[in-house]
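My entries follow in the order in which I made them.

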Amino acid sequence: MEIQYLNEIWENDKICSVDMLRVTYKLIFNGGQRLLDFISMSVLEQYEQYETRKIGSFRYNFNFKCSDGNSYWLGIGANGNPYSPDKVCFEYNPNKVGLCSFLNDLLVFCKLNEKYSVCNRFDLAIDIPVPREYVFLRRDTRRYECVGHGYKVDTEYLGQRNTVGRFKVYNKQLESNLDTPLTRCEITLDLTCSYEEFFKNLFPIVYTPTDSPSLVSFSANDLYLIEKILETPSDIVRLTRDKRKKIEPIVNGNYDKLGISRTTFDNILHQVRKYVNE
């Protein structure tokens with residue numbers, strides 16, 4: 001199995017892409033009803049529909065399924081006081097459904113009938129070809145969660161769900177049943193984020209190995225010690241002589257902090273603007 005990408009950006013051995021996009025369109029008068037009529041006439045499309053009047057949600061909700069099994073969501077009519085029948089919202093993964101013909105038909109309809117559009121948020125994905133257990137996330141003041149199996153931590157989270165600054169690192173090889181190691185880091189952003197804010201306030205410290213084959217012989221306990229020494233280098237003196245001799249070269253020469261260039265960051269923002277406006 002292979003990972004699906006659309007307009008991915010390579011930076012050395014890292015692959016960067018837009019992995020989720022949530023966009024709101026304010027349509028012209030009666031645009032919401034016309035969009036509902038457009039969907040009802042598309043008898044060949046597979047979707048599930050439900051309605052809700054919960055404040056802050058959308059009244060008419062559609063989960064569309066593409067021919068390859070991937071899906072995307074559309075909400076029409078924002079519930080509130082007052083009700084906004086001509087406000088619509090899409091949430092989709094360009095990597096998976098960006099080439100879906102009916103999604104593009106819906107987006108074209110909205111762009112032709114919009115008063116304005118807003119990118120609420122998007123996910124930037126950074127894929128690195130190393131095993132998940134070799135990648136270490138340093139916690140900060142954000143809320144922390146983790147999910148694992150046995151002694152292995154498969155997925156770690158920082159921040160609140162569905163908010164700018166939410167960060168996730170997980171085992172993409174395991175999730176997508178890949179033949180080779182792949183770890184994915186995802187962070188939720190919006191178009192107001194600058195490159196400086198991205199690294200100063202939002203993107204956490206993530207340690208990644210420069211030579212992952214050199215770590216094959218290291219036990220889970222060794223990897224734990226490497227993670228702790230990376231976080232607090234002065235603690236290296238607390239190790240036994242043999243353990244320090246084994247771990248110190250790895251800590252000093254085999255790990256870097258994960259990052260992306262300004263050019264890559266700007267190209268990702270440019271892609272998001274194109275998805276929203278073109």
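**Backbone entries**

I looked up Asn-30 and noted that, at 36% relative accessibility, Asn-30 counts as partly exposed (buried means under 20% relative accessible area, exposed over 50%, partly exposed in between, with a 1.4 Å probe and protein chains only). I work here on a predicted model, in which local features need pLDDT of at least 70, side-chain atom pairs count only at pLDDT 80 or more, and totals for chains, interfaces and linings use all residues. Residues are numbered from 1 along each chain as its sequence is written, and side-chain values use heavy atoms, with hydrogens and water left out.

Asn-30 is not a glycine, yet I read a positive phi of about 70°; Asn-30 sits in the loop between β2 (14–27) and α1 (31–40), where helices (H or I, at least four residues) and strands (E, at least two) are DSSP runs numbered from the N terminus. Asn-177, also not a glycine, has a positive phi of about 55° and is exposed at a relative accessible area of 58%. I then found a cis peptide bond between Asn-81 and Pro-82, with omega about 10°, and placed Pro-82 in the loop between β5 (71–78) and β6 (84–92).

**Helix entry**

I looked up α6 (residues 220–231) and α7 (residues 241–253), whose axes (lines fitted to C-alpha atoms over the stretch in contact, with angles from 0 to 180 degrees between N-to-C directions) come within 10 Å and cross at roughly 60°. That makes α6 oblique to α7 (under 35 degrees is roughly parallel, over 145 roughly antiparallel, 65 to 115 roughly perpendicular, the rest oblique).
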